[in-house]
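Good morning, and thank you for coming.

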Amino acid sequence: MTPGAVQQSGLSLRFAGAAKSYGDVEALKPTDLTIAAGEFLTLLGPSGSGKTTLLNLAAGYQEPSAGRIFIGARDVTHLPARHRNIGMVFQNYALFPHMSVVDNVAYGLKVRRLARSEIARRVEAVLRLVHLEGYGQRGVQQLSGGQQQRVALARALVIEPDVLLMDEPLGALDKQLRRSVQLELRRLHEEHRRTTIYVTHDQEEALVLSDRVAVMRDGRIEQVGSAGDLYDRPVNAFVAGFIGESNLLPARVTAIAGGQAQAEVDVLGRSLTAAVAPGLQPGQPAALLIRPEHVLVGEEPGVTAEVAEIVYLGELTALNLRLESGATLWARRITSHDLRRGTRVTIGWKQEHARIVPT
Amino acid sequence: MARYRVETACLLAPAVLFLLLLFVVPLARLFSLAFTDEGGVFATFGVLAESEVYRRVMLNTFVVALAVTLITVLLAWPVAYALSRLKGFWFALALYGVLFPFWISVLVRTFSWMILLERNGPINRLLQGLGVTDQPLALLFNDTGVMIGMVHVLLPYAIMPLYAAMARVDRRLLLASDGLGAGLLDTFARVYFPLVLPGLLGGATFVFLLSLGFFITPALLGGANAITLSMLIASFVTDRLAWSLAAAGSLVLLLVVLALLAVAARLLPLDKGMFAR
């Protein structure tokens, strides 16, 4: 489904040169980013990359040091969180420990002074939505981690926020539960198309959930795009390394023309032509990127390599291949048992699968 | 199993004997005095019940204790809040500021107040100098003096539990409340205050019970004009040699305190870190 295919709820969110610094430390460099109404955007990056800062700016928990923030057409740059109509799901849920499930969920409606019957109706509906019917009177501390997570989500959704913000909401859950909650979140988003910003450091989670992913590093967005964009056309070695597995071989770019680069790859002992990431200049430090599943074993004519290690992954096998120069790269292929350690093979790849990226 | 029980009993024996001989037996002996008056088993309680003085003193003691508790808690709140927000050097400084008086004898602190609150003491001179009052105020040898001294001594007992409760409040709960659209008053009334309440009530109970039995401070700062129960009991012994009356008065005070504690324990989850995390 594409945004707009179903009726969406929520407003767009726009950062215009938004930046945040603490003294000399730049937590977020000036950032431009627009999240369309109804879109699910994930901020992906290692800790300290600025993704939580960006989320807190959207929520209104922090004020930007520079730039502006818009929700819909409204400038909310200096608007405190309580006037923004956002729904926030915290990493450890931040449920009110002295309240029952119902009271937690009803909180945002009570402080809006809605009628009691209206509150009861909406709370009941949202509890049904997250499959917590019958848990209303429980204390939140009696619930399991997964149930608490759903209460937190219900509490954020019940106020019908213009933007839903989630800060690593599945971080505290075990892997299996995480998988099922991910699918649940996706279902909810596809049904309601609520504008959502989701923070995680788990690339798989980002790919499963999002319309678009913004990869962040050192307080900056490195690249924004669909999962396919990021995987097939990463703008640099960091994004390539953060999304999926990758082989990165040092390369020297000698010439660029028409989106193709001529590059010397010393560890291969040859010069080759491949698609190039936009903005790369000849002479800049660069690398040749080939995904492991694109490395073809037994390709003629090819580069000679020796099988250094074999890792069975079930239906796939990962091969660690040592080149004559001593450099290694990984290949992945459908499991077959024709290779063993020490076997000499020739390897190659299709030209369209190679890409030159800045490092 | 039986062997462990014997060993446990042996290990506990010194402590149990110590408490029994030095605390329980004397206490029981004291209370038995209450029932051994010449006038009959319950004669002493009759005397107390009919005594106008005793009733007045009892009432005064409770009123003073309540007032002291109220003032102490009100003063403790901002201090505890500041403590819960401070960090590093300033936190250490503030904490020592609260705890420092603990290391000075109550007697010394009370005498210091006598000097400060005198008719011609520094406080009266300051007030007169500032033009707040023409005549020196009567700050000593009345309930005002007693309350000032007691609040000062008891303040840390209210600050510490309150601070502990405040420090335990997860800041993200307040952010969550804010994000859900609650104004500052709503956040305070619905989230912050309920989470701090156990600490507040714990501190208040502590202060109230301690002030009911306070002796040195009211004796020195209140004098004959502001007699409390503990002073009355002391005077039964030292002035009238009426040991049975003193015992009866002590027993009544102890029972009242125990009853209040029972109610408090019922209402307050003092034993559990109920809102930990």
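By a polar contact I mean a pair of N or O atoms within 3.5 Å; within protein, one must be able to donate a hydrogen and the other to accept it, and residues adjacent in sequence count only if both atoms are side-chain atoms. Across the interface of chain A and chain B, seven residue pairs are in polar contact by this rule, both residues being at pLDDT 80 or more.

A word on conventions. This is a predicted model, in which local features need pLDDT of at least 70 and side-chain atom pairs count only at pLDDT 80 or more, while totals for chains, interfaces and linings use all residues. Residues are numbered from 1 along each chain as its sequence is written, chains are lettered from A and ligands numbered from 1 in the order in which they are written, and side-chain values use heavy atoms, with hydrogens and water left out.

Let me turn to confidence. The quantity pLDDT is the predictor's confidence in each residue, from 0 to 100. Chain A averages 89, and 98% of its residues score at least 70. For chain B the mean is 87, with 96% of residues at 70 or more.

Next, the interface between the chains. How many residues does the contact take from chain A and from chain B? It takes 22 residues from chain A and 22 residues from chain B. Together the two chains bury about 2000 Å², with 59% of it on carbon and sulfur atoms; buried area here is the accessible area (1.4 Å probe) that two parts lose on being put together, summed over both. In chain A, the residues that lose the most area to chain B are R82(A), H98(A) and Y107(A), which together make up 31% of what that side buries.

There are two salt bridges between chain A and chain B, each being a side-chain nitrogen of Lys or Arg within 4 Å of a carboxyl oxygen of Asp or Glu. In a salt bridge, the side chain of R113(A) meets that of D186(B) at 2.9 Å, N to O. On the side of chain A that touches chain B, the elements giving two or more residues are α2 (101–110) and α4 (145–157) of chain A. The largest share, three residues, comes from α2(A). Helices (H or I, at least four residues) and strands (E, at least two) are DSSP runs, numbered from the N terminus.

Finally, chain B itself. Chain B has 12 helices and zero strands, and its C-alpha trace spans about 75 × 70 × 35 Å along its principal axes. Within chain B, confidence is lowest in helix α2 (residues 43–50), at a mean of 83, and highest in helix α8 (residues 171–179), at 94.

Chain B is divided into domain 1 (1–34) and domain 2 (44–267), with bounds that come from an automatic or database domain assignment. The C-alpha centres of these two domains of chain B are 33 Å apart. Four residues of domain 1 of chain B are in contact with nine residues of domain 2 of chain B. The area buried between them is about 540 Å², of which carbon and sulfur atoms give 83%. F31(B), L33(B) and A34(B) supply 80% of what domain 1 of chain B buries there, more than any other three residues. Between these domains of chain B there are zero salt bridges and one residue pair in polar contact, both at pLDDT 80 or more.

Terms used. Contact = heavy atoms within 4.5 Å.
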